[in-house]
Each structure stands twice: as structure tokens, then as C-alpha cells.
Amino acid sequence: MTLARLAARHGVATEFSPSEGVTRTVPEATVVAVLGALGVDATTPEAVAASLGAAERADRERLLPPTLVRHTGDGPPAPPPPLPDGTRLRITTETGAVHTTRTGAVRATETGGAVRTGEDGGVWARLPLGVHTVDAEAPDGRTARATLIVAPARVPAPATRAYGLLVQLYSLLSEHSWGMGDLGDLRELVSWAGRAHGAGFVQVNPLHAGVPGAPSDPSPYRPSSRRFPDPVHLRIERIPEYAHLAPGPREELDRILAAAAELREGVLGKGNAVDRDAVWALKLRALERVATVELGPGRRADFHDFLAERGRALEDHATYQALAERHGHRWRSWPERLRTPEGAAAAVRADAALAARVDFHCRLAWLTDRQLGEAADAAREAGMAVGIVHDLAVGVHPEGSDVWARQGDFAAGMSVGAPPDAFNSRGQDWGLPPWRPDALAAAGYAPYRGLLRELLRHAGALRIDHVMGLFRLWWVPEGREPTEGTYVRYDAEAMLAVLVLEAHRAGAHVVGEDLGTVEPGVREALAARGVSGTSVLWFERDWYGGGAPLPPEAWRAGCVATATTHDLPSTAARLSGDHVLLRHRLGLLTGDLTRERAADAAETAEWRAVLQRLGLLPEGPGDEEAEILAVHRFLTRTPARMVGVWLPDLVGDRRPQNLPGTWDEYPNWRLPVAGPDGQPLSLERIAASPRGHTLLRTVAEGVGARTAPPGARAV
């Protein structure tokens, strides 16, 4: 019981419920290991008692918690938790303004409530939105400092109902790409989709910086840094300095362009997989040539502003990139003096060549940021109601720059994953070190705030992968199976307040990916703050009333309604049953093929019957293209404020972008968009597809979208 009490005080679960009515006990060794990662000794009964006593003593002596939260519009403002009478409070806003007050004695009211006499409650009501500092001094001399987050009640909502495209950017090659989709292609996509088809948004995969070196991890959901973008997405020809190359570097660049064209042709014409490493090798050579061009005065001033705004965080990221070029990305094996940012900074100061590479990687971050901005501008100019929806991965690679730069923020020896459930009896280990909730709170959530601010700079909305992680995450101790993990709780009130504040500042909506096992109350808490969820047609059933498909009018309004995601079969593969055959060929089926196909066919037939009954499939079953249209007509019948169309569905692509449970068996995260025959299609061919035009027109009409902004010409 003592260990359980200690664990509870630190947000570590000693039991969990994988399904309703079922409770599992967490192994004691797991609880001890997780507490150890939080800096709490629980290795012996004596250590447990000592740690518990220390925690209880700290609670008694503490004046303020590390973080205070207030939402405007949530009722009368309240001062901090009960403080000794006469405690002086000094609130310093983020702009430097100072407010002071003092706690008074508690006096009962006639209505049975209580107030503090002599306390200026108006101070709290007058505080502006932002991240402020509260200093407290009690009469007995104790002092404390806390971070105060004052946030709006809700994130901004989309201005109107909208539909949009969901795309993995690397998979969308144009005739100008260098072997994978890039920010130039994104700019073209949002301009076409918004102007010609009235789309309100385009959602992309995470564009976070990948782990350097080859072979790289192709998954965009296991990045080196979530804060900074990957320059592999740059469109080289759109960099202003590109036009001013001297003859010698220009000739070299022409040879690089020829090699890039071969890469592109290999993917679009010869069926090769997207090779991110080959693309980056060429772009790096090109960028090194472009960097020889001196920046003009205005461009240099812009670059310096960028450096000043990002400060130490960017310097650390660029330093990691430069050191990884010399020593490889596994920073724990670097020379000892380089394993911390402080030691590395000294090395950079003493090494002019290394300092030049740090400056080079800072420039790449700036160039990428500016092209992200150009894509966002193109979305606005195309009349998109939302714009580009960027994606935030759930974590980062343990050997990447984020962990290297802020080692104390991450739980050493732990990995994020998922517990065993009805779909995966072995659980999951994603290999991503989790943030320590205590470290986040102690830092006033500065790492989280900086991350969100950077991602929201050019976002009309932000999608948060595994949004349940704002509340709790499944931690798996190193060397143990995922079944031997446990949940660790985060301060969801503070995490949501930071999210709402930063989204408000950016004028951006927020979408949470809330698929799978969701703790009771989480969806309600997110909805209360205006965060939309994600609803996938095949999963939307009346689970508490027999399991029948949920009628469109019963869907929630606060969601992105879609037919599929990057981890699921395309709509064509789902309707045809091809996804079952694919899993069978790869040895992923847990049951008999005949039974699996029969169960899948029965589920699909049930949905077809619903579509027919609602009059959404007038052609009758059997026509795949008509059935895909019917599925999307159904989505537009729901009250969902955002309807997402998986871009490969425009052309009948049958291949999933990612097949969970596979690694080398399937080319995850490396497939270009293709037609039903598997032949890759360029952005230009997708935009010219009659099938794609019909689907987009159908969805646009269903959500009431205009087909083009004023003055735009449909193509």
C-alpha cells in the first residue's frame, strides 16, 4: 500500500483497465523503475517510506504548485490555493507589468461560502492572457515561485464548415520534385485544391527534422526534433539565392538537377520507392552551393531576426546537426565533452569549421521556415477557410537533437507505447522517450510552449497525434515487454491551457487524433476546450447499443470526419477486401484467411446496405468508384465541421502508406500516390484526373463549399 501511495503522488498507475470491467495489476518492478526515472527512490521498503515522507513533507511546506492555470470565461477568477493569512503575492506578467496583492483572513458569507478579507480579487480578473510569474512570501518567511498560465476558454474554431485533403507530403511528387514531395508541391496543392475545388484545408504528415545519417528512419512520426522542420522538404529552385549562383557552382548544380530528375523518374516512371536519403544527399550538395551566394542586406536582416527569435533552441539543434555529420547521430557515443550542449558550445567556439557548419544548419532551418510560410500564404490566397493543418508527432527519437539538447526533460530508460488491448495482445513499444511531467511543470512548460509556438507559426490548424498523451502516456521500462508498462499521468489542465493559449495566439484550430483506447472523460475534456477529434467511418458504430453503424446525424460535430488515415487501408482497399489479402501475404493475419475475409466482407456489406438505405449509392453495389463517392457523401451528411478526403482516394490507390506491425516486409512511408493499377501518379496527373474531380465536386457540394474564391479561375 505504501508503494501505491507513493506512485499515486507521482502520477504512476499501479493498475489499469484495458477494457470495460477488466482491471490489470502493474508489476511492482515496473512501478519501481518508472518512479526511478522520475527521480524517486523506491528500490527498498525503507526507500519507499523515506520518499513518501519527503513528498508529504514537501506538500505541507509548499506555498504554491509549480504551475497555476486560469481560463478566461470559466467563471469568477480565483486566487491561488489557500495560503497563510498575510501572504504577499507579486504577479509579473510576460510583458513585465507588476501586480501585487495580499491574502486576508477567511470569513464566512451569509450564503455559506467563504471569502478572504482584505484581498484584491480584481487583480486576477485584470491579468491578460499569457504566461506570467507569481511570487509568494508568507509571514513565516517561506517563499515560492509559480508559473501562471492565463488562457482563453477554447481554441479558435474553423470560420465555417470545410472539407480538405489529407496527404503524406513525401508521397506527392510533381514533375518538379527531386524524388519526393516537397514544399513547392504543397504550395501547388493548396493553390489548386482551394481555387479550383473550394477545399478549406490540406492536412500533411509531420514535417519535423528527421534523424541525420543514412539509412534514415523513414517514419515522419519518429523525428530527431519536433520543434524544427526538415530541410529535405525544401524546393531548391525557390530559394532566392539560387538565381545568383556563379558559373562554376551553376554547372555543378546543373549536374545535381540531372541526378534529381533521374530520382524523380525512378519513382514516377519505374516504380521505385521514395528514397529520402538519396534525395537529401542531392539537396545537401545543392544547398552547400547555394550557401556560397552572399545574402543581400534585407535577407541577412531577416535571417538574423530568425536567429534572435529562436535563440538557444535553434543553436542547439544546429550544433547537433553539425556534430552528427562528424560523429554520427548516436550522441551517447560521441566524445564525452560533446554529449551536452554546454560542452558542445565550447567546442564550436574553438573550431571555426564546426562553427561554419552550425551557421549553415541555422540557415537551412530559416530557409525551410520561409518556404513553410509561403505555402501557408498560398493557402490563404486560395481562399482556404482553415489552411494547412500541420501534424505533431507523439514523441522524438532517443538519439535525436531534442533529447540531446534537453536531456533532463526526458525520462531516461523509458519508452512510450500502448498497453495490450483487444487488437494487440502484446502491446506496443514505439521507442520514443517520454517527457517527464515533473520537469515540464518545473520549467513552466517552456519546452512544450516553444514547440507549439514553432509548429503553429504557419498552421491554420494543428493535428496532435495520440492526443490522449496530454493526459497520460504508457511508459515501458527499457528491456521490458510492452505488456509490462504502466500509465504515467500529466497535468492535463496545464497541458490544455498551454495548447489553448498558443492556438489562440496563432489563430489556429486544433484537431486531436483520439482513435483507439481513450480514457473516460478525455474526449469530453478536449471538446470543452474546443479541440476537435478524429472520426473514421469504419469505426463509428453504436458500441453501446448493438454495434450497428452509427447514422450520420449521430456523429459528433467537433471532429474531422474521414474514411481512412495513413495507418489504415485506402477506401478502395477496404471496399475490395484487398487489405486482408495484403496482410495475409505478409503473415500478419492472426486468424484463418477464409474467416478473416468473410468477417471483413460482412462488415463492408453492412456499410454498403447503410449507404443504399440512405440513398447515397443509387448505382447499386459493385461499382468501386461509385461506392467511394457514396462513402464520402455519407461523411458530408454528418454534422462534422471538417471532412477529410484521403488524397490517394481521389485516384483509387489501393496501397496503405503505413502497415503497422511491419518494417522491411513492406515499404512503409516510401510509396508515391498511385492509381488502382499501382502506377505512380504525379501531382499534375492527379489534378487532371476526372475521377478525382468528381469526388472533390461531390464532397464540396455536400459541405456547401464554393468551388473557387472570387476572381479565381477553375481548372
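The conversation below goes through the predicted model shown above.

Student: What kind of model is this, and how are residues numbered?
Tutor: This is a predicted model, in which local features need pLDDT of at least 70 and side-chain atom pairs count only at pLDDT 80 or more, while totals for chains, interfaces and linings use all residues. Residues are numbered from 1 along each chain as its sequence is written, and side-chain values use heavy atoms, with hydrogens and water left out.

Student: How many helices and strands does the chain have?
Tutor: The chain has 21 helices and 23 strands. These are DSSP runs numbered from the N terminus: helices are H or I with at least four residues, and strands are E with at least two.

Student: How compact is the chain?
Tutor: Its radius of gyration is 27 Å, close to the 27 Å that the globule rule gives for 715 residues, so the chain is as compact as a globular protein of that length. The radius is taken over C-alpha atoms, and the rule is 2.2 Å times the number of residues to the power 0.38. Along its principal axes, the C-alpha trace spans about 75 × 70 × 55 Å.

Student: What share of the residues is buried?
Tutor: Of the 715 residues, 54% count as buried. Buried means under 20% relative accessible area, exposed means over 50%, and partly exposed lies in between, with a 1.4 Å probe and protein chains only.

Student: And what about contacts along the sequence?
Tutor: Among contacts between residues at least 6 apart in sequence, 71% join residues at least 24 apart. A contact means heavy atoms within 4.5 Å.

Student: Let us change topic. What is helix H14 like?
Tutor: Helix H14 covers residues 492–506, which is 15 residues. From its first C-alpha to its last it reaches 21 Å, close to the 21 Å expected at 1.5 Å a residue. The expected span is 1.5 Å times one less than the number of residues.

Student: Is H14 mostly covered or mostly uncovered?
Tutor: H14 is mostly covered, as 11 of its 15 residues are buried. Among them are Met 495, Leu 499 and Glu 502.

Student: What follows H14?
Tutor: Gly 507 follows H14, and its phi is positive, near 65°.

Student: Which peptide bond is cis?
Tutor: The bond from Ala 214 to Pro 215 is cis, with omega near 0°. Pro 215 is in the loop between strand E12 (208–209) and strand E13 (225–229).

Student: What does His 390 touch?
Tutor: His 390 is in strand E14, residues 387–392, and is buried at 7% relative accessible area. Leaving aside neighbours within four places in sequence, its contacts include Val 204, Leu 372, His 458 and Arg 463.

Student: Finally, is Gly 343 buried or partly exposed?
Tutor: Gly 343, in helix H9 (residues 341–349), is partly exposed, with a relative accessible area of 22%. Its C-alpha is separated by 47 Å from that of Thr 564, which is 221 residues apart from Gly 343 along the chain.
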